[in-house]
Every structure is written in C-alpha cells, then in structure tokens.
Amino acid sequence: MHTDEAFLKYESSREGLSNEEAKKRLSIYGPNQLEEKNKVTPFKVLIRQLSNVIVWVLAAAAIIALMAHEVINFWAINVIILFVILMGFLQEYRAEKAMEALRKFVQPVTRVRRNGTLKEISSMDVVPGDILVLESGDMVPADALIIEMVGLRVEEAALTGESRPVNKDKDDFIYAGTQVVHGKCTALVTSTGMKTKLGEIAGLVQQEEETTPLQEKIEKLARTLAVIALTASLVTLFMGISKGAPVTEMLLIAIALAVAAVPEGLPLTMTITLANGMRHMAKQNAIIRKMLGVETLGSVTVICTDKTGTLTRNEMVVRKIVLPGKELDVTGVGYEPIGSILYGRTPIDVENEKGLELLLRAGALCNNAALEESNNEWKGVGDPTEIALLVAAAKAGIWKQEMDDELPRLQEVIFTSERKMMSTLHEAQDQEIAFTKGAPEMVLDRCTRIYGPSGVRALAEQDREEMLEKNRELAQRTYRVLALAYRSLNSKSEELEKDMIFLGLVAMLDPPREEAKKAIETCHRAGIKVVMITGDNQETAKAIARDIGLSDGTVCLDNITDEKIRDIVADGAITGTELDELDDEEFRSVVEGINIYARARPEQKLRIIRALQEKGHVVAMTGDGVNDAPALRKADIGVAMGVKGTDVAREASVMVLQDDNFATIVEAVKRGRGIYANIEKFTTYLVSRNFTEIMLILIAIILLGFNYIPLLALQILFINMFNEVIPAISLGMDPIRDSIMYKKPRDPKEEILNRRNLTLVISIALTMSIISFLVFLLADPFADVQKARTLTFLTIVSMALFVPNAFRSLDEPAIKMGLLSNRLMLGGMLITLLLILSVVYIPLFQLVFELTPLSLEDWVLPVGAAFLTLLIAEGIKLVARGRKEDADTNIQC
C-alpha cells in the first residue's frame with residue numbers, strides 16, 4: 001500500500017489526528033491491547049481450593065466420623081472444610097488480583113503526532129490513523145505503514161521466531177510486538193489490538209507464569225514434611241490398634257495428626273507474602289516484573305549502575321558555552337526557556353555573535369527532542385541532553401520549530417555508542433548544511449577548521465589541545481560536555497562528517513541525587529559493591545564518584561606483575577578502550593577492584609557481568625537502551641529505567657524503576673532481603689507448630705498408653721485451622737527493619753531450613769510438646785481426663801499468643817522488635833483470644849470440642865506454661881545463634 005493511499009483510507013495526514021478524532025476512534029476500535037489468556041477468575045481460584053490435599057484429607061475424616069456415628073464430629077469437620085475453602089479462596093484471590101494490578105502498573109507509552117505536535121501517550125490509546133514516531137529501542141505498539149525512515153531495522157522474533165533484524169523501507173509494514181533495534185521512523189497505524197498480526201496469534205505468544213526456585217523449595221519442603229507426617233501418623237495408628245485402642249478413634253486421631261503435621265499453610269502464606277512485598281516495592285517505585293526477582297534481590301553482591309538519571313537527577317541544564325577564546329555562562333533553571341547568556345556579567349546579544357548563533361542553531365537542528373508549553377508548564381519530550389540544548393537555544397530566541405521550517409531536514413546519521421556523535425543534513429537556499437554534535441574528542445577528529453572571533457580559519461593543533469584541555473577541566477567539575485560543528489555541502493557525494501568547522505563546547509550540569517550518597521553508604525554496610533558504568537569521559541565519572549561517596553577505589557596489585565594491567569586499573573577506574581586491551585583472564589583478575597567504567601559501550605556490560613558472575617557474584621545491572629537488553633537478560637537482576645528506558649530494555653528486565661533512581665534499587669534490595677527473612681520466619685514457625693501435636697501424642701502414647709491421649713481429633717483440627725495460619729501470615733508481613741542492611745548478602749544456594757533454622761524447629765517443637773504434656777500430667781488425667789485435655793488444649797492454643805513473637809527475628813531477642821510494630825500480629829492475638837474464650841465458654845462449642853469450662857484460677861497453668869515457652873524459645877535462639885564473627889561487608893581484593 002502506498003503512503004498516499006493509506007492516508008486516504010485511514011482519513012489521516014502527516015500531521016496526525018486531532019485529539020477529538022483520536023478520542024472518537026478509541027471508542028469505536030477499543031483499547032489497543034490483546035485479550036488476556038489464562039486470566040484469573042473467581043471460579044478458577046475456587047477450583048484450586050477444591051484440589052487442595054487438606055480438603056480431601058478432611059473429607060476422609062468426615063466420612064470416617066459418619067461411619068462411626070460421630071454426628072457432631074461429622075458436622076464440625078464439614079464446617080472446618082468450608083472455612084478452609086473460604087479462607088483459601090479469599091486470600092489467594094486477593095493475592096492474584098494484587099499481582100494482576102502490578103502487571104498492569106507498567107503501562108508502555110509511545111510517541112505519536114497529533115495536531116502536528118509530538119505527544120507521549122499510553123500505547124493502549126493508539127488508534128488506526130495515528131502517526132507513530134519510533135526510534136531505536138521502542139516496541140512497535142500496533143501494525144503500521146512506514147511513511148519515513150532512517151536506517152530502520154526491526155527485530156520480528158515475536159512474530160517469526162527469527163531474531164536477526166530485518167531491514168525496512170518506506171511503504172513497508174511494521175507489526176505490533178516487534179522491536180526497533182536500529183534507526184528511526186514515522187508510521188501510519190493501520191490495525192490495533194486483536195486486529196493486528198500479533199492479535200491473530202495472541203494465544204501462542206502468551207506465556208504461563210513461571211515457577212521460581214523459591215516456590216520449588218517451598219513445595220519440596222512441604223512434600224518432605226508431608227511424607228514424615230504421614231509416616232508418623234501411620235505408626236501411631238498401628239501402635240494404637242495393636243494395643244487394643246478403638247479403630248475408629250485411632251483413625252480419626254491419625255488423620256487429625258496428618259492434617260496437623262502437613263504445613264498446608266506454607267504455599268498460601270508465601271503467595272500472600274510475595275504479593276504484599278511486591279505491592280510495597282511498587283509503592284517505592286520498583287516494579288517487579290518476574291517473581292524470581294524478589295528472592296534474588298536478597299542475594300545481590302554487586303550493583304552495576306548507569307550514571308545519568310540514576311546516580312544523577314537527569315535534569316540536564318546548559319550552564320556553560322565555550323567558544324574559541326571565550327567562555328560564556330548560561331542562567332536559568334529547569335525546562336523553562338527563561339535565562340541569559342553572559343560573558344562575565346554582561347548579557348550577550350546573540351545576533352552580534354555569529355559563532356554563538358551558529359552553535360545554538362546547530363544544537364536545535366541536530367536534535368530529535370521537542371519542547372512545548374502545556375498548562376503554563378514547560379515540558380520536554382525526548383532525550384534530556386537534547387532537551388537541554390533546545391532550552392538553551394530558546395533562551396536566545398532560537399526555536400526548533402522555526403528552524404525546521406527554515407532549514408528542512410533531509411537526512412540523519414543517527415547516534416551510536418561506537419561513533420559517539422549524531423549528524424543531520426538540512427536544505428538551505430542554495431546549498432545543503434550538515435550539523436554534528438557529539439563527544440568532543442570524536443568531533444574534533446572530524447574537524448579541519450574552527451569558527452573563531454574573526455570567522456572561519458584553519459584548526460591548529462593548539463586549538464585542538466585547548467579545547468580538549470577545557471573539556472577535561474569541565475569534566476572534572478562534573479559537567480557533561482558536547483562539541484558542535486557544521487559544514488556546507490556543494491555535492492551530494494560529499495561526506496557529512498568530514499572537514500567540518502568546529503563551533504565550540506556546550507557544558508551541561510546534571511547534579512548528583514542527594515539520596516545517592518546515602519544509598520551507596522548503605523550498600524557498603526550491606527556488603528554490596530557499587531560499580532558505575534557510563535558513556536561519559538573518565539574525569540566526569542571520577543568527579544561524580546567523589547561527590548556521591550563512590551571512591552575511585554584501589555586494586556590489589558600484589559599478584560599483578562604485568563605493568564600494562566597495573567597502569568590501567570591502578571585507580572579503580574577504566575575506560576572502554578582500556579577494557580578492550582585486557583583479555584578475559586586479565587580482566588577477571590582485577591574486576592573486583594574496579595569501581596568506574598568510563599566511555600563504556602553497552603555491549604561491554606555483558607563482559608563485565610560475566611566476569612563478576614565467574615567470580616561468584618550475584619549481579620544487578622541497570623540499562624535503558626536496546627543494546628543493554630543482552631546484559632539485562634544475563635544479569636541476575638536486570639533493572640530497566642521506567643522514565644528514560646526503552647521498551648526493549650523493560651521487556652528484558654526483571655525490575656523496572658519508575659523514577660530511575662539508584663536509591664530505589666537499594667530500597668528494593670532491602671525489601672527483597674526482608675521478604676526472604678520473613679519467609680524464613682513463618683516457615684520455621686509453621687513447621688515447629690505442625691510437629692508439636694504429633695510429638696505430644698507420640699510422647700503420651702509411649703508413656704501413658706492409648707487411654708490417656710492429651711488431644712482429641714477435633715481439638716487438633718481446631719489448633720491446625722484457627723491457630724497457625726494467622727500468626728504465619730502476620731510473620732510474613734512483619735515490618736522490615738533497617739538492620740537487615742547490616743548483614744552480608746544471602747547465599748542463593750542456602751536452604752530455607754538451614755542448620756540454624758532446623759535447630760530452632762526441632763528444639764522449639766520439642767519444647768512446646770513437652771510443656772504441653774507436663775500440663776496434661778499436672779492436670780491429673782487419671783481423675784478427670786476431659787479437664788486435663790481442656791487445659792492441654794488451652795496451653796497449645798495460648799502459645800499462639802506468645803510464641804510467634806519469638807519468631808519475629810531468628811537472631812535478635814523478641815523484645816527488640818517492639819510489641820506494637822506489627823499490628824497484624826496484635827490483631828491475630830486478639831482473634832486468637834476471642835476464639836479461645838468462645839470454645840471454652842459457649843455451650844455448643846464445649847459440646848463439639850469436648851471441653852470443660854474453667855475458673856479464673858484454672859487459666860494460670862496454661863497461660864503461664866505458654867509464656868514460659870516463649871522464654872525458653874528465646875533461650876534456644878540465643879544458643880543457636882552463638883557467637884558469630886563480624887563479616888567483612890566489603891568485597892576484598
């Protein structure tokens with residue numbers, strides 16, 4: 001289809017649709033999105049509850065009770081089944097909806113031309129007839145016909161499976177879901193949503209949610225414990241029958257023990273904990289795209305970060321302009337085009353400074369950004385560096401839109417990380433003019449002349465050295481410096497970037513984020529190494545590093561005999577060119593001592609990650625461009641920029657920063673550590689509680705026989721259903737303490753029930769079962785077995801009022817945690833207390849659970865025993881912790 005035919009068919013133009021027409025078409029065609037496969041529905045969640053093993057075990061117990069004519073037990077068990085299904089449904093559906101909301105949180109955006117103005121809108125709002133403006137790194141949001149293009153290559157793996165980029169020309173189609181990997185284009189949207197080619201195969205491209213290693217560990221642990229529990233239950237059953245105990249009663253007790261010992265609350269509690277953690281991360285501007293990221297964050301040992309916008313504010317403002325023989329200051333703040341260009345304290349008249357005027361025009365024309373005023377606020381669309389150039393030109397009365405009309409663009413040679421410059425060709429009255437901007441050393445290499453105070457003259461070696469020295473001086477003061485040049489072309493065969501006329505330097509300031517310094521200090525305390533990777537020159541990188549407390553560092557040179565390597569890495573900083581001079585073995589030997597990579601190319605990030613991972617590190621890597629995607633995928637945690645990042649980078653990442661802030665990464669690491677610590681807490685608690693009842697029954701059978709069992713089947717089921725999950729969930733949502741960042745990173749291979757945690761499980765479970773058995777004996781079961789069972793039952797249930805506090809930290813004393821800091825646990829304790837009072841004093845529940853009402857004096861024994869358990873648990877923690885040597889939290893060379 002030809003462009004003109006397409007404009008007629010879709011009733012559009014190069015200026016794009018009007019806002020009113022776009023709104024009208026959105027109501028006709030609907031949002032630009034695919035119909036979601038495997039969408040969570042209440043029915044699917046309900047079916048999952050019915051497939052729960054515990055439901056079937058309880059159903060078996062109900063059938064046995066009915067066969068034994070235990071009508072009360074039968075109906076009580078059915079009530080418990082309904083409760084299990086209802087609680088599981090409510091919690092899991094809520095967690096699923098929270099996860100779904102997070103997946104929708106990062107809505108992709110795209111740039112379109114409407115009413116002749118470049119605008120950034122949600123990709124969901126794209127409609128047929130819109131004019132897309134795409135460049136390298138963008139995802140194509142809809143099927144579209146190319147109107148204009150420059151060096152366009154598109155990766156169509158989402159459609160064809162072929163990862164090799166495809167060259168595209170004018171009047172070719174580009175398709176939704178594909179990625180622009182080189183060049184730029186404008187295109188007319190022809191299809192959106194399910195009408196696109198991607199929509200036709202939507203069912204094939206949507207993926208199932210992956211199972212993470214942590215989930216697999218939990219499931220494996222649950223299976224192992226289930227086998228142990230069932231084995232112990234069968235042993236109890238056969239021991240009882242062999243000694244003449246009633247078969248029906250023993251079946252009920254065996255099933256109750258099996259239910260009690262199986263940690264069925266583990267998967268549910270973990271799902272709620274992860275969903276809650278991810279929701280809190282989202283509030284802190286860190287969006288976790290894959291659940292794998294939550295567990296890996298706690299193990300990160302190295303964070304490799306970009307400089308611009310991550311360690312700095314990404315608020316580029318031109319502060320200085322260096323012309324041959326003259327240095328000027330530029331006033332004003334932000335994107336508002338109000339300010340002056342001063343020589344000393346005297347404002348400069350740009351019309352009388354032709355060299356300055358040419359430089360500002362070059363910055364405005366060799367530029368793909370846009371500056372516009374909306375609701376009395378100036379906003380920039382595009383790269384912050386280019387926006388800063390537009391603002392500087394506007395302060396002198398030079399506006400890009402007017403320049404584009406006066407000198408229409410004919411061609412563009414796009415910026416790449418290898419060339420480190422960009423050029424545009426424009427049509428003048430009787431000739432063509434090329435403008436170039438880029439790294440000073442690269443631009444100067446292409447220049448043979450310079451625009452001095454008296455006009456154009458030959459570029460002398462002294463001029464070159466003076467400009468490079470000025471570049472170094474400004475870079476050391478944390479300025480980002482660009483050079484600008486131009487040339488006139490009399491023939492189309494002439495090269496754009498050859499024999500250029502040097503105009504001068506533009507120095508922009510992007511101040512460090514105030515919070516970056518504190519975040520880096522936190523990283524150092526937490527045993528996390530911070531590495532800066534930037535395209536800026538080495539002096540700028542070092543200056544920023546000093547300002548934020550990321551020292552140049554020193555490399556341990558004792559084992560390095562090669563003088564070349566010693567010279568390159570002696571100060572902990574290295575350039576991309578110097579990195580290329582090192583082979584893989586040489587680089588691995590020094591990689592842990594390097595803090596700064598300057599003039600680095602995106603593809604070198606991949607090499608840095610590999611070297612660090614080969615040294616055993618867990619690496620988080622930031623990235624924003626299409627060339628960063630391989631490194632983001634290779635990193636243990638790929639972190640994409642949500643503000644200045646490309647769609648390709650976001651798709652390759654595990655985590656997206658909504659504010660592009662380094663401090664947000666550190667906060668996410670802290671929360672990741674806290675989430676894993678909470679998983680350890682509730683796992684240790686649940687497993688210890690689950691084995692308390694089975695140990696108690698086995699102790700009683702061995703010592704007293706089957707006539708004096710401390711707990712009946714329904715009592716065990718009540719403890720299991722109402723007395724364990726609520727404290728476990730409250731532990732999963734325990735507030736994360738700052739002290740978590742004073743510990744070294746967790747070994748990702750470490751099991752949840754490591755040696756310390758396993759010691760706590762066995763010791764505390766044995767303690768709770770022995771104390772409960774002693775209460776049973778002190779209550780004299782030989783005189784009144786029902787009252788003895790009541791006191792034993794209340795002892796175990798009352799332990800839920802105290803013992804969970806011991807698990808709020810597996811290292812520190814419970815008193816340090818603060819009783820009022822976990823409100824959910826306080827609420828759980830109140831609910832537990834009300835349940836206890838209900839089953840003991842409401843006649844119906846007394847009858848169902850075979851309990852005896854107690855006097856106030858009777859409560860002293862079970863409550864005192866439960867509190868004693870907390871004290872003993874604290875003592876066990878102290879012994880298990882032992883003496884630990886202070887870990888060296890810094891990476892040693």
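Predicted model: local features only at pLDDT ≥ 70, side-chain atom pairs only at ≥ 80, totals over all residues.
**Entry 1: confidence.** I began with the pLDDT values. The protein chain has a mean of 84, and 89% of its residues reach 70 or more. I then went through the elements. Helix α13 (residues 354-365) has the highest mean pLDDT, 96. Helix α8 (residues 202-205) has the lowest, 46. Over residues 203-208 the pLDDT is below 50, and I found 7 contacts for this stretch beyond near neighbours in sequence. Residues 883-893 also stay under 50. For them the model has 18 contacts beyond four places in sequence.

**Entry 2: cores.** Next I looked up the largest nonpolar core, which has 135 residues. Ile 77, Ile 303, Met 655, Phe 662, Ile 679 and Phe 793 have the most contacts inside it. Helix α26 (residues 662-704) gives the most to this core, with 20 residues. Apart from it I found another core, of 42 residues, including Ala 362, Leu 389, Ala 392 and Met 403.

I went back to Ile 77. Leaving aside neighbours within four places in sequence, Ile 77 is in contact with Leu 58, Ala 61, Ala 62, Ala 65, Leu 714 and Leu 717.

**Entry 3: Asp 138.** I found Asp 138 in the loop between β3 (131-135) and β4 (143-155). Is Asp 138 buried or exposed? Asp 138 counts as buried because its relative accessibility is 15%, and the cut-off for buried is under 20%. Its side chain reaches the backbone nitrogen of Glu 135 at 2.9 Å. Not counting residues up to four places away in sequence, I listed what Asp 138 touches: Arg 111, Val 133, Thr 178, Gln 179, Val 180, Asp 647 and Val 648.

Note on methods
Residues numbered from 1 in each chain as written. Heavy atoms only, no water. Core = buried A, V, L, I, M, F, W, Y, C linked by side-chain atoms within 4.5 Å. Buried < 20%, exposed > 50% of the residue type's maximum accessible area, 1.4 Å probe, protein only. Helix = DSSP H or I, 4+ residues; strand = E, 2+ residues; numbered from the N terminus. Contact = heavy atoms within 4.5 Å. pLDDT = per-residue confidence, 0-100. Polar contact = N/O pair within 3.5 Å; in protein donor to acceptor, adjacent residues only side chain to side chain.
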